[in-house]
Amino acid sequence: MREPETIQATTDGIVRAIVSARPHVSPLLLRGQDGIKASLPDTAFEVVRVRIHDADTVIGDVLLPWSTCLVNQEIRAAGFDAYEVTKTRQTEPFKHFSNEEWAAEIAKGTLARDALRKLAEGGQVYVEWIPAKERSAYGRIEGALWVRTKSGRIVNVREWAHEHKFVRE
């Protein structure tokens, strides 16, 4: 098999696409932990070379149809706001946080991030395209995050985060 050809195209300095010979991995029907068949949504795309920043933001390469890949994309999980892992967020109410409030926030954020890393370890991460939410105000892809664990269980990250209290109310 020959090496895939890669072509990098830049449109607005944010979206970078590499076209390669690697085919898109289509979502498959899988047997969940409870024995009931579950599947990923048709509009979910695999994310590879995943780095988990916090419980609602991952960075990775999004595999699209036609052997297309969005490279090094920040992806924000739609539908919830997880605790922070750094002091970089300066919107309300964060800009008024005391050192103690930041310490508590970062401790919760680190716990949530590490739990998501453990959930995704050895599995696959997917982002579901939501047409009304293509990019966030910060230029990140915004969509539903899904994890297929190494045991084959399919997990909606928003529901998982709420269930485990990793969400700011």
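Modeller: A residue is called buried under 20% relative accessible area, exposed over 50%, and partly exposed in between (1.4 Å probe, protein chains only). The model is predicted, with local features needing pLDDT of at least 70, side-chain atom pairs counting only at pLDDT 80 or more, and totals for chains, interfaces and linings using all residues. Residues are numbered from 1 along each chain as its sequence is written, and side-chain values use heavy atoms, with hydrogens and water left out.

Biologist: Which residues of helix 1 are buried?

Modeller: W102, E105, G109, A112, R113, L116, L119 and A120 are buried in helix 1. Helices (H or I, at least four residues) and strands (E, at least two) are DSSP runs, numbered from the N terminus.

Biologist: Why are the buried residues said to line one face of helix 1?

Modeller: Seen down the axis of helix 1, they fall within an arc of 115 degrees, so they line one face. The arc is that of the directions from the helix axis to the C-beta atoms. The face turned away from the buried side carries the exposed residues N99, E100, L111 and K118.

Biologist: What do the buried residues of helix 1 pack against?

Modeller: They pack against strand 5 (44-54), strand 8 (124-129), strand 9 (141-148), strand 10 (154-156) and helix 2 (157-163), where contact means heavy atoms within 4.5 Å.

Biologist: How do you know that the span of helix 1 agrees with its number of residues?

Modeller: The expected span is 1.5 Å times one less than the number of residues. For the 22 residues of helix 1 (residues 99-120) that should be 32 Å, and the end C-alpha atoms are 31 Å apart, which agrees.
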